[in-house]
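Welcome! Have a look at the sequence and the 3D picture, and then read on.

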Amino acid sequence: FYIVNGRIRSLDEIRQVLADAVKAHPQQVVLIRGDRRAYHEKVVAVLDACIKAKVIHYSIATSFQKSAE
């Protein structure tokens, strides 16, 4: 599953949300953030959805967590 703006969404729903967003705001920025349990294929699926929706500004968020020493 995917979460967009606090709501659980399917990949088809994400595709529609992205298409609607780009239609309303051609310069829409998309930030993709997965937690440590996210499968790589899920992130790639969202990247593909961005490309198909013609999102031109997207990035993948990363975070750095210091290990306890």
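What share of the contacts with a separation of 6 or more in the protein chain comes from residues 24 or more positions apart? In this predicted model, such residues account for 58% of those contacts.

Now for the layout. The protein chain has two helices and four strands, and from the N terminus on its elements follow the order β-β-α-β-α-β. Of its 69 residues, 26% count as buried. The chain exposes about 5900 Å², with 54% of that supplied by carbon and sulfur atoms.

Next, the inside. In soluble globular proteins, nonpolar side chains tend to be buried together. Here the largest nonpolar core holds 16 residues, and those touching the most other members are Tyr2, Leu18, Val30, Ile32, Cys50 and Val55.

The largest share, six residues, comes from α2.

Setting aside neighbours within four places in sequence, Val30 is in contact with Leu18, Cys50, Val55, His57, Tyr58 and Ser59. Among these, Tyr58 is also the bridge partner of Val30 in β4. Strands β3 and β4 (residues 57-60) run parallel and are joined by four bridges. To get from β3 to β4, the chain passes through α2, making a β-α-β crossover that is right-handed.

Technical notes
Residues numbered from 1 in each chain as written. Predicted model: local features only at pLDDT ≥ 70, side-chain atom pairs only at ≥ 80, totals over all residues. Heavy atoms only, no water. Core = buried A, V, L, I, M, F, W, Y, C linked by side-chain atoms within 4.5 Å. Buried < 20%, exposed > 50% of the residue type's maximum accessible area, 1.4 Å probe, protein only. Contact = heavy atoms within 4.5 Å. Pairing = 2+ DSSP bridges. Right-handed = clockwise from strand over helix to strand, strands pointing away. Areas by Shrake-Rupley, 256 points an atom, 1.4 Å probe, with all protein chains shown as cover.
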